[in-house]
Amino acid sequence: MPSLLNPQHPTLNTRMYIRLAWRNLWRNKRRTLITSASVFFAVLLAIAMRSMQLGSYDNMIDNIVRFYTGYAQIHKNGYWNEQTLDNSFEQNDSLETLATQNENIASVIPRLETFALASNEARSRGVLVVGIEPEKEKTLTDIPGKIINGKYFNAEDKSVLLTSDLAKYLKIETGDTLVLLGQGYHGSNAAAKYPVSGIVKFNSPELNKRFIFLPLKEMQWFVDAPNRITSLVVMTQAESVKQVTQFLAAKTDTTYEVMDWQAMLPEIVQAIEADSIGGIIVLCILYIIIGFGIFGTVLMMTAERRHEFGVLIALGMKRFQILIVLALEGIFLTLLGVAAGTAASLPVVGYFHFNPIPLSDEMKTISEAYGLEAVLPFSIAPEIFGYQALTVLIIALISMSYPLYRIMSIQPSQAMRA
């Protein structure tokens, strides 16, 4: 009659290995719970930290990139290095119809931008005047949803929208008259006065200090640049930016250049990369702690059961069978902590994603200096959870390698006397 410990025994299959490993795990409940708890808290903290970090990056991109540059732009070659009206180009339907040729492009929004001096009685300030098509601009900045006083203009209006801090500085309100002075296309004079139709407030305090919006047609008249624009802002998804810019570059000639937001704002990319390194270092420290915790548990498990392993080997159980059972025990031990940590992180991350943490007064000042909203949102990107769980599982498998190696050198006669 074949022994149950014989590797050829028909019942010693994968199910049997799993049952043995699971039962062995709960022979010492305290050790199992303590080790799983350490993995649980490490995974919870790692996910929360990474979610907070990536959420702050998304907030930075949304505050700056989504409003000002878009995820990509089409403009005349050389415009980005010398942003003047002389580097504008004639608006044509062929470029805007590119939006219908790529499913990843949500919209293409024309703009005409220039700097000017805004005045109201005794106060004045240098501002960026942006000519927009009211209906198309809604898909990018949602200006109507950010109006705190007054109303949105239409394409035929001859009025302006001011950002809130600029209106406060100039002491101007809805219905008052604003004077704009600047330089038009090809050095022409640009001077006009407009009624204020509305006050707009954006999340970024820096943007609130210096923006004025005009309907595109009126803007073209103001700077004497009929049917001209400085850029086409391309709206897409963050993950599709590279594909979209390659597509647009292939479809346009050398008169134009296509740039994504990383190329237009390299300082933002550098800031994110620099900050990300610090977060990764902290995560590595957490991972090292997890690794040593699992390593110590498996090493202790191996030492305490040395006599047991000696008896099993003497009775005919193969060493590789013991290794399989121990490896499964380590995997189960880790998966318990990983699954519990991931499950516990979901409501925490979800709550702070929809209810961002407001920053303290000191941090608020720093954030506003960089033109960012003074909140700390969390990201709910699925890869955050998957990466942490997979990383911890790999660390667990590596941590178990040495204790499992020790089993290979066990001498049954010595082990049973221990």
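Which residues is R228 in contact with, leaving aside its neighbours within four places in sequence? The first view takes that up. Everything here comes from a predicted model, where local features need pLDDT of at least 70, side-chain atom pairs count only at pLDDT 80 or more, and totals for chains, interfaces and linings use all residues. Residues are numbered from 1 along each chain as its sequence is written, and side-chain values use heavy atoms, with hydrogens and water left out.

**View 1. R228, a buried arginine with no salt bridge.**
With sequence neighbours within four places set aside, R228 is in contact with S88, F89, E90, Q91, L112, Y185 and Q220; contact here means heavy atoms within 4.5 Å. R228 sits in strand 10 (residues 228-229). Helices (H or I, at least four residues) and strands (E, at least two) are DSSP runs, numbered from the N terminus. R228 is buried, and the label means under 20% relative accessible area, with exposed being over 50% and partly exposed in between (1.4 Å probe, protein chains only). A salt bridge needs a side-chain nitrogen of Lys or Arg within 4 Å of a carboxyl oxygen of Asp or Glu. For R228, the nearest side chain of opposite charge is E90, at 5.0 Å. On charges, Lys and Arg count as positive and Asp and Glu as negative, while His and the chain ends are not counted. What R228 does have is a side-chain to side-chain polar contact with Y185 (3.5 Å). That term covers a pair of N or O atoms within 3.5 Å; within protein, one must be able to donate a hydrogen and the other to accept it, and residues adjacent in sequence count only if both atoms are side-chain atoms.

**View 2. L128 in strand 4.**
Strand 4 spans residues 123-132 and holds L128. Is L128 buried or exposed? It counts as buried, because its relative accessibility is 6%. Not counting residues up to four places away in sequence, L128 touches Y68, E113, T114, F115, R210, F211 and I212. L95 is another matter: 33 residues apart along the chain, the C-alpha atoms of L128 and L95 are separated by 25 Å.

**View 3. Strands 3, 4, 7, 8 and 9 and how they pair.**
Two strands pair if DSSP finds at least two bridges between them. Strand 3 (residues 107-120) and strand 4 run antiparallel, joined by ten bridges, and R111 has I132 as its bridge partner in strand 4. Their hairpin has two residues between the strands, and E121 there takes a positive phi near 55 degrees. On to strand 9 (residues 211-215), which runs parallel to strand 4 over five bridges; V129 stands opposite I212 in strand 9. Strand 3 also pairs with strand 7 (residues 177-183), in the antiparallel sense over four bridges, with L117 partnered by L181. Strand 7 and strand 8 are antiparallel too, with seven bridges, and Q183 stands opposite N189. Five residues separate strands 7 and 8 in their hairpin, where H186 in the turn has a positive phi of about 55 degrees.

**View 4. The largest nonpolar core.**
A nonpolar core is a set of buried Ala, Val, Leu, Ile, Met, Phe, Trp, Tyr and Cys residues joined through side-chain atoms within 4.5 Å. The largest one has 43 residues, and L162, L178, L180, I212 and L248 touch the most other members. Strand 8 (residues 189-200) supplies the largest share of this core, five residues. Another core lies apart from it, with 31 residues, including V338, V349, A396 and I410.

**View 5. Salt bridges.**
The count comes to five salt bridges. K138 pairs with E135, closest N and O atoms 3.3 Å apart. Why are K138 and E135 separated by about one helical turn? Because they are three residues apart in helix 4 (residues 134-141). K138 is partly exposed at 34% relative accessible area, whereas E135 is exposed at 56%. K217 and E156 also meet in a salt bridge (3.1 Å, N to O). K217 lies in helix 6 (residues 216-222) and E156 in the loop between strand 5 (147-150) and strand 6 (160-163), so the pair ties together parts that are 61 residues apart in sequence. R111, E113 and E137 are linked in a network of salt bridges.
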